[in-house]
Amino acid sequence: MSVPPLELIKGPDETFILNLGPQHPATHGVLRIKLTMDGEYVTRAEPVPGYIHRMHEKMGENRTWNQFLPNTSRIDYLSAMAYTHAFVGVAERAAGIEVPPRAEYIRVITSELNRISSHLVWFGAFLLDLGGFTPLLYAFDDREKILDLLEGITGSRLTYCYYRFGGVCNDVDDAFLRGTKEFVAHMRPRMKLYRDLVTDNIILRKRLTDIGHISADMCRRYGATGPVIRGAGVAYDTRKVEPYSAYREFDFDIPVFPEADSMARYLVRMEEIVQSLRIIEQAVDRLPDGPFIAPKMPKVMKVPPGDYFYATEAARGRFAVRAVSDGKEIPYRLKLRAPSFSNLSLFEEASRGMMLPDALAMLGSLDLVIPDIDR
Amino acid sequence: MNGFIQALADEMSRLCQPAPATPPPADAPAGETPSAAAAEPPPPCQITDYGKRGFHLDVTVPPDRVVDAAHILDARGFGIDCVTGVDWIASGQMEVVYDYFHPTAPWRVVVRARIPRDRAEIQTVSHVFPGANWHERETHDFFDIRFIGHPDLSPFLLPEDSDFHPLRKDFTPLP
Amino acid sequence: MTIIEPIRILLYVVGALAFVGVNAAYLVWLERKAAGRFQRRAGPTEVGPAGLLQPVADAIKLMTKQLIVPPGSDELLFRVAPVMVMAPAMMCFATIPFADSIAARNIDVGLLMIFAFGSINVMAVMLGGWSSRNKYAIISAARVVSQNVAYEIPMLLTIITMLMVAGTMNLHEIVRQQEAGFWAWNVFRLASNPLMPVTFIIFFICMLAETNRAPFDMAEAESELVAGAYTEYSGMGFGVFFMGEYANIVIGCAIATALFLGGWGSPVGALPGVWWFLAKMYFLIFSVIWIRWTFPRTQFYGLLNLSWKILIPVSLTTLVLTSIAIKIPRMF
C-alpha cells in the first residue's frame, strides 16, 4: 500500500501532527493550522495562512484611488464600512479634504451598524464553535434587519462601497433613519435575551472562563488590537485614542474586561454592541443638515506626495492604511494593516499546552476573518 | 507637543547619527525619487503633525539601528503595529517601515530604514516584538527583503513554492 | 408452541426492525423540524407535505453514495463497526414492554440484557474511529471510551438503586409495580427512597452521555473533530451509525419510561397502555432533542469531572440511602 504507516506521520516524542484545515469547521474559512499534539494537548500550533491571498496591495498599485475603493470592502467582508472608511480617510487626510459633518455622521451610523452586524455574525459563529447551534440563527435574524437597512441606502448587503472621497455616495432617507431607530429599540431587549439565554448559560461560562489567557503585554508585543486587547484590560480603541470622523462628538464607553480570558473577549463584544447602539442613537438624533459629500470633489482623485497613515476601529481591531503617494493618480504603495493578521499571530504562543477544544474556543474568541489575514 | 514624544524624539535622534561605516540614508540620489519627502532630505527624526500625516513621530534610522530603536520603543511600552516595505526603485533603495503604537496613550511612531535595493538585508526585530515575525515574513514575500536572524522566512502568504516578489516595482507577472 | 411460535418471532423481528427504522428516519425529521422551530425557521418543507418524505430522500441519497474505505484502514473493522452499533440496539428491543401484551420476549433478566447489549455500542464507535486511520477519528475514539467508562458507572449505580426498590430485573414486573397510578411511578416513590427524582435525573444525564448526545457529543463534536469517529464514513456506513445513534436514544428513553415513568401505566385511565408508553417515550426523546438545540457542548474534562466528581458520589449516596430506607422498616 502506498500510504505510509501512521507512525511515520508522527512528530517527535510521542506527539503527532494534526492538520487543522484548510477546510475545518472551526476555522471559518480557509485557514490551516498545523498542530503538534500530545494526545489532546496542543504543544505547538503553526497557522498557515495564504490560501485566499489576493494581493490587494499590488492591486492598489495598479489602479487609481477611485478604482481601489471597492477592493477595501472585500478585505474583511464582515466589517466592510470601517475598511472603506480608512481608505477614504487616508486620501482625505493627505489631500486635506474637509468632509461635511452630515457625511461624517452618516459614516458613523453606517460603520456602527456594520460593527453590530459583524459582532452578531461572530456571536453566532463562536457559539457554533462551542457546539451551540441555535444562537446563530437568532443572531442572523437580527443581522438581517441591519442588512436590509444598509441595503436601502448603499445598494449592497455585504461588500458595501458606500463611502466616497469627501463624503458618502447617497444621502440617507427618512426610511433609513426611522428603520435605524426601530432597530435600536428592537435590539436592546434582544441583548437581554442573549444574556439570559446564552451568556449566563453555565456550560458556556465554564467553557470560556479562565480559558485562553492573552495578557495585555502579549497583545502589545504582537500588536493585537480590538476586542482582544480590550479583553485583556487595556482600554485601547482607535475611536477614542485617535478619534477620527465624528466619534469625538459622541458619548460612549469602551468596554474593558481585565480577565484576559475567552469570556472577557466574549463580554467585550457583547457590550460593544450596546455601546454601538448608543452611538447610533445619538448620531441619528443629532444628524446635521447639509451636503452629504464635499462640494467640488475632483473626478479623479490625486493625492499630494508623501506618506500618510489613517486608522479606523474595525470590528476586529484597528485597520490602518499606509498610503505612499507620488502625486499621480495611482497610489505608489498601499499598505493595509489588517487586525486579524496580528490577532492570529499570537495564537502560537497563547495556545501552547491547551486542550484542542479550548484552543479552538480561543481561536473563535479571536474572531478571525480569513480574507482579512490573507488580503 | 507633549513631553513624552519630545523625550522619545531626543532619544531616537541619538540613534539617527549615522554610524561611520554606513552611509547616511538620506545619501540617496535625491530628485529622482518621485517622493517629495526624499527630494529634499528631511531631518532624520521629526515630530509630525498627526492631523496631516496620521502619526506623531517619524524617525529614519540607519539600517543597523532598527533593533536599537525597537528596544527603545519596547522599553517605553510601545507595541508593534506592522512592518512593511516600500520599493524606491528610482533611487535603488528599499525602505523598511516599522509602525509602532502605544496601547495606553495615543502615540504613533514610524521608524524607517533605507537599504540598498540589490542587497536588501536588515536585522530582524522579531526577537524584540514577536508580532514582527509574521510581518517580516510577509515583507520578505513581497519585497525580497531578507531579515537577518529571522527564524523562518519561507513564503507566507504566497504559495509555498513561489520565487517571485510581487511588490517590487520591477516585478512582471508571469505571461 | 407449535407453528405459532416461529411466526410470532418473525413478526416481532420484522416489527422491531420496522420500529427502529421508522423511528430512526422520523426522529431525524422530528429533530430537524424541532430544531427549525427552536431556531425560528421552518425546517424541512420541500419533500412531501411538511417535509415528511425528507427521510426517504435522505435514505435514497445515502444508499446511492459510495462507501469509501480509506486506504490503510482496517477494512474489516471499518465495515463491521456500523453493524455493531445497530445490531445490539435491535437486540435491546426484544425485551422492552411497550404494553402488557406487546413485547417480543418477557425475560426475567431483561434489564441486565439491555445493559449488556447497550455497552457494545461504545466498542463499536471506538472500533469505527480506530479503524478509520484518521487522527480526528482516533481522538474521538479515545474520547468515547473514557466518556462511556465514566458514565457507565453512575448509570449502573442508579440501576442498582432501582433494582433494590423494585426487587426484580423483569421489566414487566417493574412496570406492573407502578400501575397504581401517577404516584406509584418509580420517579415519585419517595417512600422507598426520597432521592428517587435525583436518581432519575442522573439516569437521564447518563443516558445522554451514553448515547453521545449534545451537550455530551464528544464523539462527533463537529466543530472540533470534524465528525469525530464518523469522519471517514460515507454513504450508508454513516447512515447506519446515524440510525444506531437514534435507535440508542429510543432504547434509552424506553428504559427510562419503563423504569421510572410507569411504562404503559396510565395516570388517568384513558387510552390503551401502549399509547401511554409511546407518549412518555416520545416526550423524553423530545427533551433530548430540546437539550441538544439549547446548550453548547461541554468541555471534555468538564464532562469527566461531572461524572467522577458529582454523578458517581451522588449516585453512590442514593444507593446507600435507598438500602437504608429499605432495610430500616424491615428491622422492626
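Modeller: A salt bridge is a side-chain nitrogen of Lys or Arg within 4 Å of a carboxyl oxygen of Asp or Glu, and the model to which that rule is applied here is a predicted one.

Biologist: What makes A:Asp141 and C:Arg40 a salt bridge?

Modeller: The closest N and O atoms of A:Asp141 and C:Arg40 are 2.5 Å apart, and because the rule asks for a distance within 4 Å between an Arg nitrogen and an Asp oxygen, the pair qualifies as a salt bridge. Between chain A and chain C the count is two salt bridges, and the rule for polar contacts finds 10 residue pairs across that interface, both residues at pLDDT 80 or more.

Biologist: Which elements supply the side of chain A that touches chain C?

Modeller: At least two residues each come from strand S1 (16-20) and from helices H4 (101-129), H5 (134-154), H7 (202-208) and H14 (356-365) of chain A, with S1(A) giving the largest share, five residues. By class, this side of chain A has 24 nonpolar, seven polar and seven charged residues.

Biologist: How much area do chain A and chain C bury between them?

Modeller: Chain A and chain C bury about 2800 Å², 60% of it on carbon and sulfur atoms, and 38 residues of chain A are in contact with 27 residues of chain C.

Biologist: Why is H3(A) called roughly antiparallel to H4(A)?

Modeller: The axes of H3(A), residues 80-95, and H4(A) come within 8 Å and cross at roughly 150 degrees; because angles over 145 degrees count as roughly antiparallel, H3(A) is described that way relative to H4(A). Among the residues making the contact are A:His85 and A:Glu92 of H3(A) and A:Arg107 and A:Asn114 of H4(A).

Note on methods
Residues are numbered from 1 along each chain as its sequence is written. Chains are lettered from A and ligands numbered from 1 in the order in which they are written. This is a predicted model: local features need pLDDT of at least 70, side-chain atom pairs count only at pLDDT 80 or more; totals for chains, interfaces and linings use all residues. Side-chain values use heavy atoms; hydrogens and water are left out. Contact means heavy atoms within 4.5 Å. Buried area is the accessible area (1.4 Å probe) that two parts lose on being put together, summed over both. A polar contact is a pair of N or O atoms within 3.5 Å; within protein, one must be able to donate a hydrogen and the other to accept it, and residues adjacent in sequence count only if both atoms are side-chain atoms. Helices (H or I, at least four residues) and strands (E, at least two) are DSSP runs, numbered from the N terminus. Ala, Val, Leu, Ile, Met, Phe, Trp, Tyr, Cys and Pro count as nonpolar, Asp, Glu, Lys and Arg as charged, and the others, Gly among them, as polar. Axes are lines fitted to C-alpha atoms, for helices over the stretch in contact, and angles run from 0 to 180 degrees between N-to-C directions. Angles under 35 degrees count as roughly parallel, over 145 as roughly antiparallel, 65 to 115 as roughly perpendicular and the rest as oblique.
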